[in-house]
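Subject: Structure for you to look through

Hello,

Here is the structure we talked about, with the sequence. Please open it first and keep it beside you while you read the notes below.

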Amino acid sequence: MKSADPGKLLRHLARQLYRRGWMDGTAGNLSLRRGENLFITASGRPKGTLTSEEILSLPFRHASGEAFSSGLRPSAELSIHLAIYRLFPETEAVLHVHTVEAALASSADRNELSLPPLEVLKGLGVADPGQCPLLPVFDNDSKVPEIARKIEERLRDPIYSLPGLLIRHHGTTAWGKSLDEAIRHLELLEFCFRYIVERNRGKESDRL
């Protein structure tokens, strides 16, 4: 996987996530770090039909959101990706998707979400799922660098040990030491959100 072309990997993954309904329209963004190079999806492009030109290569230490000569810009959430790579230097991939379940799970007015004690948490590095680890939730903001600043500030707290976060009414961001690991983390977090939504729906039904 590591030797494969980063652009091809990201295009293939974007198509897969689009088919799952996790990157509808132009929603979401994906990145891969390869040494001193960062590969990231272009802003505002349909994820089900990305071309090779719509995966942009940036120098990691000098990455910016400036437009390329083609007119394409890196994802508007580049600053969030960079914050995660800086916080966790072993990270190789950062994935951000928009799902209904993530939007619903993050809707409560809380700064963190306690994940249910499910066995799948072991795949997120949680030795004892009964601990119900906390997933940080950040308010959405049109000034994305402000979200990135808050992420970089809060995620230094070891209480947030999960490889993921939520942006309220927006979506899930997950990361990993490899692309495969990041995908697994994303899938497991989304499983937890689906469980939470179904559980809450059941509670609502019981009250009727």
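Leaving out the neighbours within four places in sequence, Leu 72 is in contact (heavy atoms within 4.5 Å) with Ala 42, Arg 45, Glu 53, Glu 54, Leu 56, Glu 66 and Ala 67. Leu 72 sits in the loop that runs between β3 (55–59) and α2 (78–87). Helices (H or I, at least four residues) and strands (E, at least two) are DSSP runs, numbered from the N terminus. Leu 72 counts as buried because its relative accessibility is 16%. Buried means under 20% relative accessible area, exposed means over 50%, and partly exposed is in between, with a 1.4 Å probe and protein chains only. Between the C-alpha atoms of Leu 72 and Glu 181 there are 29 Å, and these residues are 109 apart along the chain.

Some notes on the source. This is a predicted model, in which local features need pLDDT of at least 70 and side-chain atom pairs count only at pLDDT 80 or more, while totals for chains, interfaces and linings use all residues. Residues are numbered from 1 along each chain as its sequence is written, and side-chain values use heavy atoms, with hydrogens and water left out.

Helices

Helix α1 covers residues 6–19, which is 14 residues. From its first C-alpha to its last it reaches 20 Å, close to the expected 20 Å; the expected span is 1.5 Å times one less than the number of residues. The buried residues of α1 are Pro 6, Gly 7, Leu 9, Leu 10, Arg 11, Leu 13, Ala 14 and Leu 17. An α-helix has 3.6 residues a turn, so residues three or four places apart point the same way. Just after α1, Gly 21 has a positive phi of about 85°.

Helix α2 is mostly covered, with nine of its 10 residues buried. They are Leu 78, Ser 79, Ile 80, His 81, Leu 82, Ala 83, Ile 84, Tyr 85 and Leu 87.

Strands

How many of the residues of β1 (residues 29–34) are buried? Six of its six are, and the strand is mostly covered. Asn 29, Ser 31 and Arg 33 point one way from β1, and Leu 30, Leu 32 and Arg 34 point the other way.

Two strands pair if DSSP finds at least two bridges between them. β1 pairs with β2 (residues 37–41) in the antiparallel sense over four bridges, and Ser 31 stands opposite Ile 40 in β2. The hairpin of β1 and β2 has two residues between the strands, and in this hairpin Gly 35 takes a positive phi near 65°. β1 also pairs with β4 (residues 93–97), again antiparallel and over four bridges. There, Leu 30 is opposite Leu 95 in β4.

In β4, five of five residues are buried. Ala 93, Leu 95 and Val 97 are on one side, Val 94 and His 96 on the other, and both faces are covered. β4 and β8 run antiparallel and are joined by five bridges. The bridge partner of His 96 in β8 is Thr 173.

Most residues other than glycine have a negative phi. Cys 132 has a positive phi, near 50°, and is found in the loop between β5 (112–114) and β6 (134–138). Cys 132 counts as partly exposed because its relative accessibility is 24%. His 169 has a positive phi too, near 55°, and lies in the loop between β7 (164–167) and β8 (171–176). Is His 169 buried or exposed? With a relative accessible area of 54%, His 169 is exposed.

Cavity

The structure holds one cavity of 30 Å³ or more. A cavity is a set of points, on a 1 Å grid over the protein atoms alone, where a 1.4 Å probe fits but cannot get out, and lining residues have an atom within 4 Å of a point. Grid points are joined across faces, edges and corners, and a volume is the space filled by probe spheres set on the points. The largest cavity has about 40 Å³ of space. Its lining is made up of Ala 105, Ser 106, Ser 107, Ala 108, Arg 110, Glu 112, Leu 113, Val 137 and Arg 168. By class, four of the lining residues are nonpolar, two polar and three charged. Ala, Val, Leu, Ile, Met, Phe, Trp, Tyr, Cys and Pro count as nonpolar, Asp, Glu, Lys and Arg as charged, and the others, Gly among them, as polar.

Regards

Methods. 1 Å grid on protein atoms, 1.4 Å probe; cavity = no way out; pocket = protein on both sides within 12 Å on 5 of 7 lines; lining within 4 Å.
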